[in-house]
Amino acid sequence: MTSTSTPPGLARFNALEELAAAAALHEACASTAWVRHLLAGRPYATPEALCAASDAATAELTAADLAEAMAGHPPIGRPRPGDPASAREQSGMAGAADALRAEMLELNLAYQERFGHVFLICATGRSGEEMRDAVRARIGNSPEQEREIVRTELGKINRIRLARLVEEDA
């Protein structure tokens with residue numbers, strides 16, 4: 001592969017019909033505005049350009065767009081059945097002790113009551129204890145502070161999911 005050629009996974013994504021590309025992007029992020037932004041930028045020359053477009057789209061999300069994106073994420077410790085992405089991303093909770101699972105459930109509920117949405121964190125590579133400590137630390141934030149932290153975490157998640165999308169074999 002030369003430095004000017006598009007990686008095969010990205011070329012495959014660029015070549016998808018619009019509805020198929022939208023569906024693939026929606027799997028990465030449930031925000032319709034984010035999906036539209038990324039569709040409008042196709043074709044992408046590099047995975048970095050795709051991630052830069054994702055970052056720009058994430059930065060522009062309104063509060064309603066963020067809420068739509070968060071609705072696509074299950075609570076930490078309860079990945080969606082049959083959803084390998086959420087199970088993989090939350091693998092740090094997979095072997096957690098019952099006490100930690102119970103504490104995360106309580107913390108998730110308290111967080112959701114305070115902020116009106118699921119606790120969102122880029123869980124990839126984090127232990128159950130790290131996620132618990134993060135929700136403990138963030139529950140005292142103002143809604144404005146938390147919205148910006150959520151935006152940052154969503155951006156990290158979107159980048160990981162996009163990398164998987166364009167790296168996977170067809």
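This is a predicted model: local features need pLDDT of at least 70, side-chain atom pairs count only at pLDDT 80 or more; totals for chains, interfaces and linings use all residues.
The crossing of H2 past H3 is right-handed. On the H2 side, the contact is built from Glu18, Ala21, Ala22, Leu25, His26 and Ala28, and on the H3 side from Trp34, Val35, Leu38 and Leu39. Sorted by class, eight of these residues are nonpolar, one is polar and one is charged.

One member of this contact, Leu39, can be followed in more detail. Leu39 lies in helix H3. With a relative accessible area of 15%, Leu39 falls under the 20% limit and so counts as buried. When residues up to four places away in sequence are set aside, Leu39 touches Glu18, Ala21, Ala22 and Leu25, and these four residues are also listed on the H2 side of the contact between H2 and H3. Ala67 stands 28 residues from Leu39 along the chain, and the C-alpha atoms of the two are separated by 20 Å.

The C-alpha atom of Ala40 lies 32 Å from that of Ile76, a residue 36 places away along the chain.

Helix H3 has a further partner in helix H4. The axes of H3 and H4 come within 9 Å and cross at roughly 145°, and this crossing, too, is right-handed. From H3, the residues Trp34, His37 and Leu38 take part; they meet Leu50, Ala53, Ser54, Ala56, Ala57, Thr58 and Glu60 of H4. The classes here are six nonpolar, three polar and one charged.

The loop between H3 and helix H4 (47-60) holds Pro43. Most peptide bonds are trans. The bond that joins Arg42 and Pro43, however, is cis, with an omega of about 0°.

Turning back to the loop between H2 and H3, Ala30 is found there. Ala30 has a relative accessible area of 12%, and is buried because this value is under 20%. Which residues does Ala30 touch, leaving aside its neighbours within four places in sequence? The contacts are Glu68, Ala69 and Gly72. Glu68 shows how a chain can bring together residues separated in sequence: Ala30 and Glu68 are 38 residues apart along the chain, and their C-alpha atoms are 6.2 Å apart in space.

H7 supplies Leu100, Glu103, Met104, Leu107, Tyr111 and Phe115 to the contact, while H8 supplies Gly128, Glu129, Met131, Arg132, Val135, Arg136 and Arg138. This contact has seven nonpolar, one polar and five charged residues.

The last topic is the cysteines. How many disulfides does a search of the whole structure find? The search finds zero. For Cys51, the closest cysteine sulfur is that of Cys122, and at 12 Å it is too far for a bond, because a disulfide needs two cysteine sulfur atoms within 2.5 Å. Cys122 is likewise in no disulfide, with the sulfur of Cys51 as its nearest cysteine sulfur. Both cysteines are in the buried class: Cys51 has a relative accessible area of 11%, and Cys122 has a relative accessibility of 8%.

Methods. Residues are numbered from 1 along each chain as its sequence is written. Side-chain values use heavy atoms; hydrogens and water are left out. A crossing is left-handed if the near helix is turned anticlockwise from the far one by less than a right angle, and right-handed if clockwise. Helices (H or I, at least four residues) and strands (E, at least two) are DSSP runs, numbered from the N terminus. Contact means heavy atoms within 4.5 Å. Ala, Val, Leu, Ile, Met, Phe, Trp, Tyr, Cys and Pro count as nonpolar, Asp, Glu, Lys and Arg as charged, and the others, Gly among them, as polar. Buried means under 20% relative accessible area, exposed over 50%, partly exposed in between (1.4 Å probe, protein chains only). Axes are lines fitted to C-alpha atoms, for helices over the stretch in contact, and angles run from 0 to 180 degrees between N-to-C directions.
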